[in-house]
Amino acid sequence: MNTLEKYREFRKKIPNDILLLAVSKIKSETEITELYQAGQRDFGENYVQELMEKHQHLPKDIHWHFIGHLQSNKVKFLVPFIHLIHSVDSMKILTEINKQSEKINRVTSVLIQVYSGLETSKFGLKPEQACELIKQFSESKLSHVRIEGLMAMGTNTDDEGIVKEEFLRMKELFEKLKMFETPKIQMKYLSMGMSGDYALAINSGSNLIRIGSLIFGERNYQNK
Ligand SMILES: *Cc1c(COP(=O)(O)O)cnc(C)c1O
């Protein structure tokens, strides 16, 4: 099957109320255009430079999502057009997004990245830290950022039991955080599930899945 056929097949399997994010990192503008013509509007990218180039060349009604690790000095490049930043994990980055957004009179939507596994990880917050950050944000004066939910990254394992347990913990956290809801904090998206575990994620309460290889095929970094 080619990319378009894979996309159509996959689309059929996904309930309509689940947002399907096509993760297009290192994939060509031609491949993205094919999916766009088939009706896909949400695309996810991990690298700021690559995302900016694609945004410049491709249709302006694409909803671009940033899902990679974000450095403060790159924020200013994203805020003019980004639809949703999934990878926010500190007050520092929230403050910078707020500052750059305020300059151009825009409100930027973000998700808080949570590490759902039990071991520690370099990126993403523990559930308690995510609660703390959201509380701190709610008490802050930042008014040009809106938190719209959580992005979860879990343990990389084939053990479905572990993955399921982590997803359910994230769903629980997501529900719990609804008590902090204000106009600038809305628990709208629970971004979890990738090619290997999207079904489990949907069954555990995800409403935004991030799919790369299942649609575009394996990523071959040499042939970029
Ligand atoms: C690359 C990536 C994905 C997509 O992964 P696949 O396994 O190819 O579906 C999803 N989320 C994040 C954060 C990624 O970096």
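I started with the lining of the largest pocket and asked which helix gives the most to it: α7 does, with four residues. I keep in mind that this is a predicted model.

Next I looked up who else supplies that lining. Along with α7 (160-176), I found β5 (108-115), β6 (145-153) and α8 (198-203), each supplying at least two residues.

How many residues line the largest pocket? I got 36, and M153, G154, N156, M194 and D197 lie nearest the centre. For the space inside, I noted about 920 Å³.

Then I moved on to α2, which covers residues 29-37. Which of its residues are buried? My list has I32, L35 and Y36. These three sit on the same side of α2, because they cover an arc of only 105° around the axis. I jotted down the general rule beside this: an α-helix has 3.6 residues a turn, so residues three or four places apart point the same way.

I checked the other side of α2 too, and there T30 and Q37 are exposed.

What covers the buried residues of α2? I wrote down several elements, including the helices α1 (3-13), α3 (48-57) and α9 (213-216). Strands β1 (19-23), β2 (42-45) and β3 (63-66) are also among the covering elements.

Last entry: I looked at the backbone just after α2 and found G39 there with a positive phi of about 110°.

Definitions and conventions: Residues are numbered from 1 along each chain as its sequence is written. This is a predicted model: local features need pLDDT of at least 70, side-chain atom pairs count only at pLDDT 80 or more; totals for chains, interfaces and linings use all residues. Side-chain values use heavy atoms; hydrogens and water are left out. On a 1 Å grid over the protein atoms alone, a cavity is a set of points where a 1.4 Å probe fits but cannot get out, and a pocket is an open set with protein on both sides within 12 Å along at least five of seven lines; lining residues have an atom within 4 Å of a point. Grid points are joined across faces, edges and corners, and a volume is the space filled by probe spheres set on the points. Buried means under 20% relative accessible area, exposed over 50%, partly exposed in between (1.4 Å probe, protein chains only). The arc is that of the directions from the helix axis to the C-beta atoms. Contact means heavy atoms within 4.5 Å.
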